[in-house]
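Subject: Structure handover

Hello,

Please find the structure below. My notes on it follow, starting with one of the helices.

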Amino acid sequence: MEPREGGPARHPSYEGVWRFTAAAVDVSVPQARHAVRDLLVRQGVPLHDEIMDGLLLIVSELVTNAVRHAALLSPEIAVEVAIGPEWIRVSVEDNHPYRPKALEADWGQTGGRGLLLVREIAQEAGGACDVEHTASGGKIIWAALPLAPMAPGPGAAPQEPVVTSPRTDPSAP
C-alpha cells in the first residue's frame, strides 16, 4: 500500500498476531481449525478460497501431530496466527523436544505423512514451512502462505516468502 501524501503508510486492518492455547487432546483439532477460520472471517482477511482450504488443512495436521506425538510431555499446545499485508503464517508450539522431519511418501503406510502434506501445500502455494526449537526445549512448527495464489506463468519459480520465523513482526516488510 502506498503512503498517503505526507503521511505514514497505513496497514490493512486485518494485520496482527493472535495466539491461543488448547489441551493436547483430539477435540482440540477441529476446535483449532474452527477458531482459525473464525478469526480470519472476523478480521476480514482477503484470503483466496484455495489458500484458506490449504491453511485449514495445515492447522489440522499440525495440531493433530502435537496431540498424537507431544501430549505426554506437552499437555497444552499453543496455536499462533500472524497476518501480514500479503501473507499468513500459522504455527503450533509444544513442549516436546523431538524435532520431526517431513517423511517421504510411503504409500504402503496409513500414516506418517502429515508434515509431508504440510510442506507440499505450503510449497505449492508459494509459501514455506519449518520446525524450530524453542528456548524452553520444545518446538514450533510453522507454515507461511501468501493470501492469494501464485499467478501461474511460464518458467515461474516459486518465490520464498519474506517470513522466516513464527516470531517475525507481521508489520515488518
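On one side of helix α1, Val41 and Arg42 are exposed (over 50% relative accessible area; buried means under 20% and partly exposed lies in between, with a 1.4 Å probe and protein chains only). On the other side from these two, the buried residues of α1 are Ser28, Val29, Ala32, Val36, Leu39 and Leu40. Seen down the helix axis, these buried residues fall within an arc of 110°, so they line one face of α1; the arc is that of the directions from the axis to the C-beta atoms. An α-helix has 3.6 residues a turn, so residues three or four places apart point the same way.

Before going further, note that this is a predicted model, in which local features need pLDDT of at least 70 and side-chain atom pairs count only at pLDDT 80 or more, while totals for chains, interfaces and linings use all residues. Residues are numbered from 1 along each chain as its sequence is written, and side-chain values use heavy atoms, with hydrogens and water left out.

Helix α1 covers residues 28-43. Helices (H or I, at least four residues) and strands (E, at least two) are DSSP runs, numbered from the N terminus. The 16 residues of α1 reach 22 Å from first C-alpha to last, close to the 22 Å expected at 1.5 Å a residue; the expected span is 1.5 Å times one less than the number of residues. The cover over its buried residues includes β1, α2 (49-70), β2 and β3. Just after α1 comes Gly44, with a positive phi of about 70°.

Gly114, Leu115, Leu116, Val118, Ile121, Ala122 and Ala125 are the buried residues of α3, and they pack against α2, β4 and β5. Gly126 follows α3 and has a positive phi, near 90°.

Next, the strands around β5. Strand β5 (residues 139-146) has 8 of its 8 residues buried, so it is largely enclosed by the rest of the structure. Lys139, Ile141, Ala143 and Leu145 point one way from β5, and Ile140, Trp142, Ala144 and Pro146 point the other way. β5 pairs with β3 in the antiparallel sense over 8 bridges (two strands pair if DSSP finds at least two bridges between them). In β5, Lys139 has Asp94 opposite. Strand β4 (residues 128-133) also pairs with β5 in the antiparallel sense, over 6 bridges. Here Asp130 stands opposite Trp142 of β5. β4 and β5 form a hairpin with 5 residues between them, and Gly137 in the turn has a positive phi of about 100°.

Now the charged pairs. Side chains of opposite charge can pair when their charged atoms come close. The structure holds 6 salt bridges, each a side-chain nitrogen of Lys or Arg within 4 Å of a carboxyl oxygen of Asp or Glu. One of them joins Glu93 and Arg19, with the closest N and O atoms 2.7 Å apart. Glu93 lies in strand β3 (residues 87-94) and Arg19 in strand β1 (residues 16-23), so this pair ties together parts that are 74 residues apart in sequence. Glu93 is buried at 14% relative accessibility, and Arg19 is partly exposed at 44%.

Asp38 and Arg37 form another salt bridge, at 3.3 Å from N to O. Asp38 is partly exposed at 37%, as is Arg37 at 32%. A salt bridge also links Glu120 and Arg119, at 3.6 Å from N to O. Glu120 is partly exposed at 39% and Arg119 at 22%. Through salt bridges that share partners, Arg19, Glu80 and Glu93 are joined into one network.

Last, confidence. The protein chain averages a pLDDT of 83, and 73% of the residues score at least 70; pLDDT is the predictor's confidence in each residue, from 0 to 100. Over residues 156-162 pLDDT stays under 50, and the model has 8 contacts for them beyond four places in sequence (a contact is heavy atoms within 4.5 Å). Residues 168-173 also stay under 50, with 11 such contacts. Where pLDDT is low, the predicted coordinates should not be read in detail.

Regards
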